[in-house]
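Dear colleague,

Please find below the structure that I am handing over to you. My notes on it follow, arranged by topic.

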Amino acid sequence: MLRSQGQTTVRFWIALLTGKSAALLCRLFRHSGTSLPGVVALKVYPQLLSVLAADYERIVAVTGTNGKTTTANLLAHLLRSSGSSTVNNHEGANMISGVVTALIKDWTMLGERRSQIAVLEVDEGSVGKVFPSVKPDLLVVTNYFRDQLDRYSDLDHNINLLRRILDELPQTLLLLNADDPLVVTAGCDHSVASYYGVASEQKDQTGDCEIREGSLCPDCGAFLAYNYYNYGQLGAYYCPNCTFRRPVPDFLASEIQDDDYLEFILHVCQRKGRNENCSTADTVRLRAQMRGFYNVYNILAAAAAATTLGVSQQTIASSLMEYAPAAGRMEKFIYKGRPCTLNLIKNPTGLNEVLKTLLRGKGEKALVIAINDLAGDGRDVSWLWDAGFEMLDNPSIKMIVCSGRRAGDVGVRLKYAGVPPNKIIIEPECKPSIEGLGEQDAGEYHILASYTSVFNYSKLLRKMGKAVE
Ligand SMILES: [Zn+2]
């Protein structure tokens, strides 16, 4: 029940009831309704978020460029498995309206919340609107990559934005990706931070098509040097000119195996002082029904956050295997008797990781690459030229169907990447592109879709094929 009962205003109640009615109408009219209830409720009462958020026992927020949805959903799953009722904006609507919508749906008409904990995925450009209305107990920062150029023109802007916001959140414990110098730059001035990172034996396999952002030292401006890269600019870096370097991770992943399952050893370090090595470490083997090296970071971040919140390692290990990824995050289907994987793509670094993972499969593959240029995708599709499509000039790729509003741009990009023209089909419409895929006699199908088409593909694949639960 609302703690600040005395201060609750008529506007709060009108906003809550308006938001709940909007959510009901969205359901009746089969509108996705992940943001609209929040939009209308905030119009009635702009302070609604701070009142709703203040009532939760604990709030965890996840921000950064890639991996937010997977990390937040996985963390919510781990918390629920440990017996804590947890609400989260699980469909990835991560601007202020999406955050408010998720909380409104968690509240009853009587003004009571159903969950103890809220896990909120927050768009890296929206941190200024969500915080400090929401004062998270724990904030996870995943990574910073260039994303949707026209929406947030400058990577530095988002990093500085977070830095400024953190000054207003002195009580918040940070959980930072130690391997990303940009994340460490954003959070290193904060008094309470712990770090997660991936051990050195995982070498970056491909060098040519990698995008390495911001390799300058935040303290002195010198170029950072690296002992190794994991992917993008993530790795073990140090400044040759001053003391800035990758912090020693409190949560470390090692011995990674990426075959049918993703498996690694999680070390939870106990150490005497910061920058000391782990004097002792608890270890646990984690295994998840996911693929792709980039998902090691997501699982590691979720496991580290869950550990910080008191979930036992046993619960983490056993409930990880039951986790099913969200729409378009390696969602699995059977279509025409063949395995078909659906992945969301939104920036060059993410796309490169998806391509590397799918190319490691042994069989022949047919792909759909669907790119839209609506507001949710980012209007500017020039990032396609920064992604490593050259990898697709590979004998195991049988056919690529280019789809979406920018199907033609994808086709041109593939041609310049060296993919033979007889392996490229242009089919802008969603359903015919899936049918085009079904005509290919390949061992496996992959669909890579930008934000506004990924739900459509997910829905159609459930109808035309079947989902693998
Ligand atoms: Zn330096």
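The domain bounds used here come from an automatic or database domain assignment. Please bear in mind that the model is a predicted one.

Domains

The assignment divides the protein into domain 1, covering 5–320, and domain 2, covering 329–467. Between the C-alpha centres of domain 1 and domain 2 there is a distance of 27 Å.

Helices α1 and α2

Two packed helices are described by the angle between their axes and the distance between the axes. For helix α1 (residues 10–28) and helix α2 (residues 36–44), the angle is about 160 degrees and the axes lie 8 Å apart. Angles over 145 degrees count as roughly antiparallel, and α1 is therefore roughly antiparallel to α2. The crossing of α1 past α2 is right-handed. On the side of α1, the contact is formed by Arg11, Ile14, Ala15, Leu16, Thr18, Gly19, Ala22, Ala23 and Cys26. On the side of α2, Leu36, Pro37, Gly38, Val40, Ala41 and Val44 take part. Sorted by class, this contact of α1 with α2 comprises eleven nonpolar, three polar and one charged residues.

Helices α13 and α14

A second pair consists of helix α13 (residues 430–438) and helix α14 (residues 451–464), whose axes are 10 Å apart and which pack at an angle of about 55 degrees. This angle makes α13 oblique to α14. Here, too, a right-handed crossing is found, with α13 passing α14. From α13, the residues Cys430, Lys431 and Ile434 meet Ser453, Asn456, Tyr457, Leu460, Leu461 and Met464 of α14. The classes represented in the contact of α13 with α14 are six nonpolar, two polar and one charged residues.

Ile426

Where is Ile426 placed? This residue belongs to strand β16, which spans residues 424–426. Ile426 has 15 other C-beta atoms within 10 Å, so Ile426 is partly exposed. Apart from its neighbours within four places in sequence, Ile426 is in contact with Cys402, Ala407, Gly408 and Gly411. Ile316 stands 110 residues from Ile426 along the chain, and the C-alpha atoms of Ile426 and Ile316 are separated by 44 Å.

With kind regards

Definitions and conventions: Residues numbered from 1 in each chain as written. Predicted model: local features only at pLDDT ≥ 70, side-chain atom pairs only at ≥ 80, totals over all residues. Helix = DSSP H or I, 4+ residues; strand = E, 2+ residues; numbered from the N terminus. Buried ≥ 20, exposed ≤ 12 C-beta atoms within 10 Å, placed from the backbone. Contact = placed C-beta atoms within 7 Å. Axes fitted to C-alpha atoms, helices over the stretch in contact; angles between N-to-C directions. Parallel < 35°, antiparallel > 145°, perpendicular 65-115°, else oblique. Left-handed = near helix turned anticlockwise from the far one by under 90°. Nonpolar A, V, L, I, M, F, W, Y, C, P; charged D, E, K, R; others polar.
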